[in-house]
Amino acid sequence: MGYILNDEGNDLLQMVREFAEKEVKPYAAEFDRTGEFPMEMYKKGMEMGLHALEIPAEYGGGGLDYITCAAISEELAKADAGFSTGISAVGLALKPVLFFGTPEQKKMFSDIVVNGGMACFALTEPDAGSDAGATKTTAVRDGDEYVINGSKCFITGAAHSDVMVVFATVDKSKGLKGVTAFIVEANRPGISIGKEEDKMGIRLSNTASISFDDVRVPVDHRLGAEGEGFKIAMVTLDASRPFVGAGAVGIAQRALDEAVKYAKERIAFGKPIANLQAIQFMLADMDIKIETARQMIIHALTLIESKKPHSRESAIAKCYAGDIAMQVTTDAVQILAGYGYSREYPVEKLMRDAKIFQIFEGTNQIQRVVIAGNLLRK
């Protein structure tokens, strides 16, 4: 693994690896089959503080640097990408609060999470995915409160969240300039959880829709000023995309590990297929892609930690990692041949899990728009 961590980070990573091997990996296939949400697994992860690693120590969290957090995300994704995604969803919701929240807002949000709460980032709508300016959820000022109406879809962790960051427009005529962000506790009257998605992959994470019916939130729950919601969302996604990439790398690394193991054991023409140069070249190319993606993620996170421009680099890291996860898992299925296509072996699940990493938190087509935009502005 190409992460260079300090002793504390390495010790923590080893603890996470042991947890993932003991508490996640053995049960992932069954939860994938049934689609049941593994609440006890999540509770054990949260008892370790895996969902609060980024919260500063002053607010009761782990206060870890981003590169250590990414290494942990990759390790969890090697065991199961759905579980890693569900844990990472808390970090996605946390980032806009840490970036734009007041000290009071940071403490309120952190207190909920540190005490065992989950969180979600509620941006996507049925008609507003890549086009956030098409947001239809509204927030109308009424004295010292806002009244929120509308719906969100494909929200990771929605059904089990205790708090969420919700994006709504205060004026539809303003497009992007009307979008505003709010911290909303999940137990407020008028909030209901709708359809839970029956997904192709990452089935150990929850994905559901949320409806808001005259949901009242205090003005002091607004993040930033009115109309700053789009900026808040984009800054958040720029910072979170390398973590999505880390999850994709975890999937790809597990696929390579399984392919290497199988290639050493499978005998064809009187010798292990690992002796065949055609297989060796496939494995080498898989390793090249994985390590390249990992180093792109580390570079993007280093820029973020250094508070340097990173939108292009984050997009590259997420896009490349998502693409290679599909390529590597497909190659792993090919190496295992008929067994790779069977649920008896894990690589078919890894291939299903990988696909979403080309789609969520900005499709890879949108990442290319971001990258091209950076090029053309120079």
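1. Domain bounds, as used in this note, come from an automatic or database domain assignment. The structure is a predicted model, in which local features need pLDDT of at least 70 and side-chain atom pairs count only at pLDDT 80 or more, while totals for chains, interfaces and linings use all residues. Residues are numbered from 1 along each chain as its sequence is written, and side-chain values use heavy atoms, with hydrogens and water left out.

2. Helices (H or I, at least four residues) and strands (E, at least two) are DSSP runs, numbered from the N terminus.

3. For "domain: Acyl-CoA oxidase/dehydrogenase middle", UniProt lists residues 120–215 in the unreviewed entry; here the chain is 0% helix and 51% strand, and 17 Å separate the end C-alpha atoms. The record gives residues 227–375 for "domain: Acyl-CoA dehydrogenase/oxidase C-terminal", again from an unreviewed entry, and the chain over that range is 76% helix and 3% strand, with the end C-alpha atoms 27 Å apart.

4. A pocket is found on a 1 Å grid over the protein atoms alone, as an open set of points with protein on both sides within 12 Å along at least five of seven lines, whereas a cavity is a set of points where a 1.4 Å probe fits but cannot get out; lining residues have an atom within 4 Å of a point.

5. The volume of the second largest pocket is about 370 Å³, where grid points are joined across faces, edges and corners and a volume is the space filled by probe spheres set on the points. Its lining includes Glu54, Asp65, Tyr66, Phe99, Val235, Lys307 and His310, and the elements that give two or more residues to this lining are helix 4 (81–100), helix 6 and helix 7 (277–305). The lining residues divide into 7 nonpolar, 1 polar and 4 charged; Ala, Val, Leu, Ile, Met, Phe, Trp, Tyr, Cys and Pro count as nonpolar, Asp, Glu, Lys and Arg as charged, and the others, Gly among them, as polar.

6. A search of the whole structure finds 1 cavity of 30 Å³ or more, and the space in the largest cavity is about 30 Å³. Phe37, Tyr42, Gly86, Met118, Thr156, Gly157, His160 and Asn206 line the largest cavity, a set made up of 3 nonpolar, 5 polar and no charged residues. Domain 1 (7–115) and domain 2 (119–227) each supply at least three residues of this lining.

7. The whole structure holds 27 salt bridges, a salt bridge being a side-chain nitrogen of Lys or Arg within 4 Å of a carboxyl oxygen of Asp or Glu. In one of them, Glu258 meets Arg254 at 2.8 Å, N to O; these residues both lie in helix 6 (residues 229–265), 4 residues apart, about one turn of the helix. Glu258 is buried at 16% relative accessible area, and Arg254 is buried at 11%, where buried means under 20%, exposed over 50% and partly exposed in between (1.4 Å probe, protein chains only).

8. Glu313 and Arg312 are joined by a salt bridge of 3.0 Å, N to O, in which Glu313 is buried at 18% relative accessibility and Arg312 is partly exposed at 29%. Glu348 and Arg343 form a salt bridge whose closest N and O atoms are 3.9 Å apart, with Glu348 buried at 13% and Arg343 exposed at 58%. Salt bridges that share partners join Asp32, Arg343, Glu348 and Arg352 into one network.

9. Ala337, in the loop between helix 8 (311–336) and helix 9 (347–355), has a positive phi near 55° although it is a residue other than glycine, and Ala337 is partly exposed at 46% relative accessible area. Glu361, which is not a glycine, has a positive phi of about 50° and is found in the loop between helix 9 and helix 10 (364–377).

Terms used: UniProt positions are given in the numbering used here, feature names are shortened, and annotations may be inferred rather than shown by experiment.
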